[in-house]
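Keep the sequence and the structure open while you work through each solution.

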Amino acid sequence: MRPKSDIKEIELIGESIDQLISLDVGGRGLLKILYPFVRERYGRPLCLMAAEKIRERVSHGDFVLITCGMLIYPYQDLTETDGPVGGAVLARALQMGFGAKPMVLTDQAAVPVVKAACRGANLNVTDLQTVKRTERTVTVTGFPINEDEARKEAKLIFHDLAPKAIISIERRGRNEKGIYHALPKGRNMNEIEAKMVTLFDQAKERGILTIGIGDGGNEIGWGIVNDVIKAKIPYGD
């Protein structure tokens, strides 16, 4: 059991990391509004809590799913870069820290960008079958746009890989009506959006760890403060 002094020091480090990653570099003002509510509801530094949960669930050789990439309206083949880069860094950290086997999922149009980001993070990008039987490799794959196909694919992935966690970084969530909206004006993206939330539906049904990372309020994970987003964020309702 850790001494109280060590626990306090780790908590302080967690607070510092939270402050660093919640800096409003873009000047949008959204993180300043949303972060305090999430922090209050969980009662602990968010990054530290996520790290602890991953450590509890993930062991050497376990698969971890990472969803990333966000297509930019009105283009069908142009993606934001923070998700792919962040996803690649997460995959590297999971691989180095736990010996985990990352599978990164994105829009089909964003696969080349995500693969390039993973290679830039010094990851060996290969096919799924190779990842299953080797170490220090990662696979990147596109996910279906059609909702029914997405549900089927999600079930196959969970049945085949039995992932221990799924992490979303900068990936749109859906609202109560099943619509994936773009910021800043709430545009409907369903016609081109890969339906990633079906993976999280499967994870919840199976009791698998889910972690969501976002900076705008429309990403997977922000449902924990859905009421705050509706009340305080433009087009949040």
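A residue is called buried when its relative accessible area is under 20%, exposed when it is over 50%, and partly exposed in between (1.4 Å probe, protein chains only). Helices (H or I, at least four residues) and strands (E, at least two) are DSSP runs, numbered from the N terminus. The model is predicted, with local features needing pLDDT of at least 70 and side-chain atom pairs counting only at pLDDT 80 or more, while totals for chains, interfaces and linings use all residues. Residues are numbered from 1 along each chain as its sequence is written, and side-chain values use heavy atoms, with hydrogens and water left out.

**Exercise 1. Work out which way the residues of β1 point from the strand.**

Solution. In a regular strand the side chains alternate between the two faces of the sheet. In β1, F63, L65 and T67 point one way, whereas V64, I66 and C68 point the other way, and all are buried. Because 6 of the 6 residues of β1 are buried, this strand is largely enclosed by the rest of the structure.

**Exercise 2. Identify the residues that touch the most other members of the largest nonpolar core.**

Solution. A nonpolar core is a set of buried Ala, Val, Leu, Ile, Met, Phe, Trp, Tyr and Cys residues joined through side-chain atoms within 4.5 Å. The largest one has 24 residues, of which I54, V64, L94, V104 and C118 touch the most other members. Elements giving two or more residues to this core include α3 (46–57), β1 (63–68) and α4 (82–98), and the largest share, 4 residues, comes from α5. Taking contact as heavy atoms within 4.5 Å, L94 meets I54, V64, I66, G99, A100 and I167, leaving aside its neighbours within four places in sequence. A second, separate core of 22 residues includes L128, F143, L161 and F200.
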